[in-house]
Structures are given as structure tokens and as C-alpha cells.
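Subject: Structure for your review

Hello,

Here is the structure I said I would pass on. My notes on it follow below.

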Amino acid sequence: MQRFDFKLFKITAKLTLPALAITSILGITLPSNAISNPFRRNQNDYRVCAARLLSVGIPAETAGNACAAALRPKEVSSCVGQIQRRSQIPATDSLPFCGQARRPNDLATCVVGIGTRSAETVNPAILSYCNRSLLPVKFAQCVVGLRSEIDFSPTQAMENCISASDRISNVVPLSNPAVPAVPPVPPSEGFSPTFETTPMR
């Protein structure tokens, strides 16, 4: 009887050990639900967006619409939060601009960069200028740089820098000015090409 039990134990061990080994390997290599679940609190960008906007005083309906319409909802809420924390511009004023921006974080950097270097009250027009610029961070550097050396008002410096960026963006480079363009030749009426073929021998 004991000999039979021992044989049964050996057979059971041979069958279960490979299964246990495969299970342990899969448990190590596959990501856990905590890592891969996009619906968890900290990994859902829309949830983060809504929570941040509500925390800075945006009404619930407005926050819901803004987050749902955003391509990068987390960045939109981060943009609003940065501008409110580091400047005197209310969140309700910055939200429309952050929502329209191609790169919301760059917009926030622009607004904060210009606003924090101004001794006077922050001009809300900064939002509009930073939003108009194709390169908001470079635009802010232009404004801050000019005002550091020249006695410009914020609006005058922003107008100079936005005008310069508009001129650069409107320049259309020629593809190859050395080669003249050849006008297309209209096809002759009734012309149909024929191809003579000589059979190969």
C-alpha cells in the first residue's frame, strides 16, 4: 500500500510541477492590474483633469465639458493650475485658452514667464498673446529679453514679439529657385500613342 502511494505521489508531482512553474513565470512577466488598468484613480487622465479643475474653483459642468473636449485633459488642467498658482490670473479666465492650446504646458510656461517678471499687475492680455504664438516659450523669452534691456511696457514688448513671429510664419520658402517652373504641356487633340513591338526570336 505504501509503495502504491509513493508511485501516486511521484506521478502527481510530475504533473503539477510544470504547471506551477509556468504560473509563476507568467506572474512575474505579466503586468499587474495595478499597473495596466487605465481606469484607476491616478491613471485616468479625465478623472485627474476633472479633480484638478474642481480644486481650483471651476464649476462642475464647465470642468466636465472642458475635460471631455480636451485631447490632453491632464495637461489642460495642469496649465490652468500653474497659471492660477503662479500668477494673478483666475482659473476661469485661463481655462478657455488652456483648452485651445496645442501644447497647454507651453502656454502656461509662457504666461507665467511673462507675468512673474512684471512688477505691475499681470495683464490678462498675456493669455491671448501666448495663445496666438506658434512657439509660446520662445515668445515669452522674446518679451522678457526685450523688457530686460529696453524700457517697454508689457503690451509694447508683446506686440513687437508677436509681430515678428507673425512675419516669420508668413514667409513661404521657395522649393528650388534655381530651377524655373515648367508649364504643363496640353495634350494634342486626337493623339493616341502607339507602341511597335517586335517579337523576340
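Ser94 is buried, with a relative accessible area of 0%; buried means under 20%, exposed over 50% and partly exposed in between, with a 1.4 Å probe and protein chains only. This is a predicted model, in which local features need pLDDT of at least 70 and side-chain atom pairs count only at pLDDT 80 or more, while totals for chains, interfaces and linings use all residues. Residues are numbered from 1 along each chain as its sequence is written, and side-chain values use heavy atoms, with hydrogens and water left out.

Ser94 sits in helix α6; helices are DSSP runs of H or I with at least four residues, numbered from the N terminus. Leaving aside residues up to four places away in sequence, Ser94 touches Val80, Ile83, Ile89 and Leu127, where contact means heavy atoms within 4.5 Å.

Next, the core. The largest nonpolar core has 34 residues, and those touching the most other members are Leu53, Ile83, Val111, Ile114, Cys130 and Phe139. Such a core is a set of buried Ala, Val, Leu, Ile, Met, Phe, Trp, Tyr and Cys residues joined through side-chain atoms within 4.5 Å. Two or more residues come from each of α3, α4, α5, α6, α7 (104–115), α8 (125–132), α9 (136–149) and α10 (154–169). The most come from α7, which gives five. With residues up to four places away in sequence not counted, Val111 is in contact with Ile83, Ile89, Ile126, Leu127 and Cys130.

Helix α3 spans residues 45–55, and its buried residues are Val48, Cys49 and Leu53. These lie on the same side of α3, because they cover an arc of only 125 degrees around the axis; the arc is that of the directions from the helix axis to the C-beta atoms. The buried residues of α3 pack against α4 (60–69), α5 (73–86) and α6 (91–100).

Last, charge pairing. The structure holds one salt bridge, defined as a side-chain nitrogen of Lys or Arg within 4 Å of a carboxyl oxygen of Asp or Glu. The partners are Glu75 and Arg72, whose closest N and O atoms are 4.0 Å apart. Glu75 is partly exposed, at 26% relative accessible area, and Arg72 is also partly exposed, at 40%.

Regards
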